[in-house]
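Please examine the sequence and the three-dimensional structure shown below. The paragraphs that follow lead through selected features, beginning with the backbone and ending with the aromatic rings.

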Amino acid sequence: MNRFISTLRRPLTTIVIILTLFLMVISKKIAVLSADPKGEKNCPPLFPQYMDENGKNMQIFMEEPQHQIEWKQVGGMINDASCLNATSVYGIAHIQSEKDIHEALTYARNNDLKVTMSGAKHSMGGHAFYKGAVVLDMLGYNKILLNESERTVTVQSGATWHDIQNLLHPKYAVKAMQSTDIFTVGGSISVNAHGMDHQVGALSRTIRSLNLMLPDGTVKKVSRTENSELFRLVVGGYGMFGVILDVELEITDNEIYTSKRLITDYKEFPQLFEQDISKNTDIGLMYMHLSTSPSSFLEEMIVYSYEKIHESDLSIPPLGEVGSVKLRRFAINIAKYGSVFKRFKWWSEKYLEPKMESCSITRNQAMKDGEACLVSRNEPMHDSVKYTKNRIPNDTDILHEYFVPRDQFISFVDGMRTLFQEQKTNVLNASVRVVHAEENFLSYAPQDSFSIVLYINQSTDDTGNEKMKKITQDLIDLTLEHKGRFFLPYQLHFTPEQLEAAYPELQEFTLLKKQYDPEEILTSTFYEKYFR
Ligand SMILES: Cc1cc2nc3c(=O)[nH]c(=O)nc-3n(C[C@H](O)[C@H](O)[C@H](O)COP(=O)(O)OP(=O)(O)OC[C@H]3O[C@@H](n4cnc5c(N)ncnc54)[C@H](O)[C@@H]3O)c2cc1C
């Protein structure tokens, strides 16, 4: 009997040990995939010192240290949301007032230095800094004033949408912004951001006026009717014409919506939009997700819409933060590791997420029949996407966005699918937005368009960068074939020829830049690479 038990025990012990090790490895992996980031992520190549164009070390020498600038950082590095653009700078100035901006510009002019403004640094191609430049960190320049009688807010350009929503809630809401709330107003105007409100359109349409400090320190009021050329240049002008000071923005009511989801085929979408959605003025917000599961890749689509309900006696609870951050982060990150997990992600978006949706506003009838999920306008837009940040080493997720005329949508998606399958691109998310023709100078949409926003994973080594460069250039060629344009705040993998083909206004834009900023004091990695 004893002999029998001991023989049984050995394989059992082995199995238990293997199972324990397996569980330890799995739980370690789960912990890495869901862990909060330790801080800002920096990816190689990292240059530890301040270097000139030839890679030689340069000395930081503050010519006028007595000058009234509060430095957040002297010398050192800065990076953006891609983690791939670590850049040595002269220093980072802590901006809190108009006077601080004036001082910093004067200092830069006197010392022959370049200047770049930075907001939340979510552009991904070094748009918010330049090697050796003085960076104006605008985040502390963030006062917000509500003008109820005008139905506007006046905000300093370093304020984030998150802070503005907190002030406006529960009565009012932002009219136009990105689909998430982490960005600054200055950074958003500089790219002419757009988001979920398909009726209002891009941010530019909600700007009454703004004050702009030109590189020589003078201030100009800019709007559609006053200094209108500058207005068209500053909106979507990537900080090249002046520092945006305060802005007057239109706001709207914090309407109550029923949140709806419809699963459809991407080929049905253009018609669905033209015939139904665009005619229903009660739909206040909308966006679409295309499947990233291999079984229905870029074919199946979920249409998310928020339809106004005409009741006024419902009480709106305080704004909360998005919950289940670790779970959401895990779902995004696990999808990077193969088709089974990508299938699971799409399945959970279709079937699990509706059950987890937070429907903050309750109404007796709705509760009784369980038919409606009610939210206020601020809620879907009050998302600080903490779950997109992680601490996975040698890994980053990159945004792309392509705008195509609406009748080109189906063919564009088909072309995209082929490219991704050929190049085995690790697509984590693909969403679709509705965009109207925009009239700013470097407009990403000269005609009504659909835009396709992609979130693509890459390793941060040479192989990852080369792969991302190839797919970016191929996607841009595809966009150009479909008479479209690509969004400029992302990685600088496009060629100068592609930029010029997409934006034929480029030369005139550059000439005007030199007219308003003859010494080209305001610059960025993006400007230096393509506009010089
Ligand atoms: C995860 C993610 C999601 C996104 N979603 C959307 C979306 O839904 N819709 C959309 O349209 N875009 C989207 N974007 C792009 C985003 O809108 C831009 O990158 C935007 O510029 C980010 O704002 P920021 O505050 O981070 O600006 P930064 O990246 O800090 O700066 C961007 C540009 O603005 C300039 N700038 C900043 N402040 C000022 C100022 N006060 N005066 C003059 N110039 C200034 C900078 O010099 C720079 O050229 C997304 C980006 C990411 C990474």
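In which loop does S324 lie? This residue is found in the loop between β15 (300-308) and α7 (325-334). The structure is a predicted model, and every value given here is computed from that model. S324 is not a glycine, yet its phi is positive, at about 50°. Its relative accessibility is 41%, so S324 counts as partly exposed; a residue is called buried under 20% and exposed over 50%, with partly exposed in between.

N394 belongs to the loop between α10 (378-381) and β17 (396-405). With a relative accessible area of 44%, N394 is partly exposed.

P170 is located in the loop between α3 (161-168) and β9 (172-174).

The overall division of the chain can now be considered. Domain 1 covers residues 1-34, domain 2 is made of two segments, 140-254 and 509-530, and domain 3 covers 256-502. Taken over C-alpha atoms, the centres of domain 1 and domain 2 are separated by 59 Å.

The next topic is the ligand. How many residues surround the ligand? There are 33 of them, and the closest are M117, G119, S123, T184 and H194. A polar backbone atom of K121 is 2.9 Å from an oxygen atom of the ligand. In the side chain of S157, an N or O atom is 3.0 Å from a nitrogen atom of the ligand. For S190, an N or O atom of the side chain is 3.1 Å from a ligand nitrogen atom. On its own, the ligand has 970 Å² of accessible area, and the protein covers 97% of this area. Of the shell, the largest share comes from β5, with three residues.

The aromatic rings complete the tour. A search of the whole structure finds 29 aromatic pairs. One of them joins F487 and Y490: the ring centres are 5.7 Å apart and the planes are at 80° to each other, an edge-to-face arrangement. The term applies because an angle over 60 degrees counts as edge-to-face. Are F487 and Y490 buried or exposed? F487 has a relative accessible area of 8% and is therefore buried. Y490, at 12% relative accessibility, also counts as buried.

Aromatic residues also form a cluster, whose members include Y238, F241, F441, F486 and F494. Also in this cluster are Y503, F509, Y516, F526, Y527, Y530 and F531.

R406 lies over the face of F450, and here the distance from the ring centre is 5.4 Å.

Key:
Residues are numbered from 1 along each chain as its sequence is written. This is a predicted model: local features need pLDDT of at least 70, side-chain atom pairs count only at pLDDT 80 or more; totals for chains, interfaces and linings use all residues. Side-chain values use heavy atoms; hydrogens and water are left out. Rings of Phe, Tyr and Trp (its six-membered ring) pair if their centres lie within 6.5 Å; planes under 30 degrees apart count as stacked, over 60 as edge-to-face and the rest as tilted. Buried means under 20% relative accessible area, exposed over 50%, partly exposed in between (1.4 Å probe, protein chains only). A charge sits over a ring if NZ of Lys or CZ of Arg is within 6 Å of the ring centre and within 35 degrees of the ring normal. Domain bounds come from an automatic or database domain assignment. A residue is near a molecule or strand if one of its heavy atoms lies within 4 Å of it. A polar contact is a pair of N or O atoms within 3.5 Å; within protein, one must be able to donate a hydrogen and the other to accept it, and residues adjacent in sequence count only if both atoms are side-chain atoms. Accessible areas come from the Shrake-Rupley method with a 1.4 Å probe; for residues, only the protein chains shown count as cover. Helices (H or I, at least four residues) and strands (E, at least two) are DSSP runs, numbered from the N terminus.
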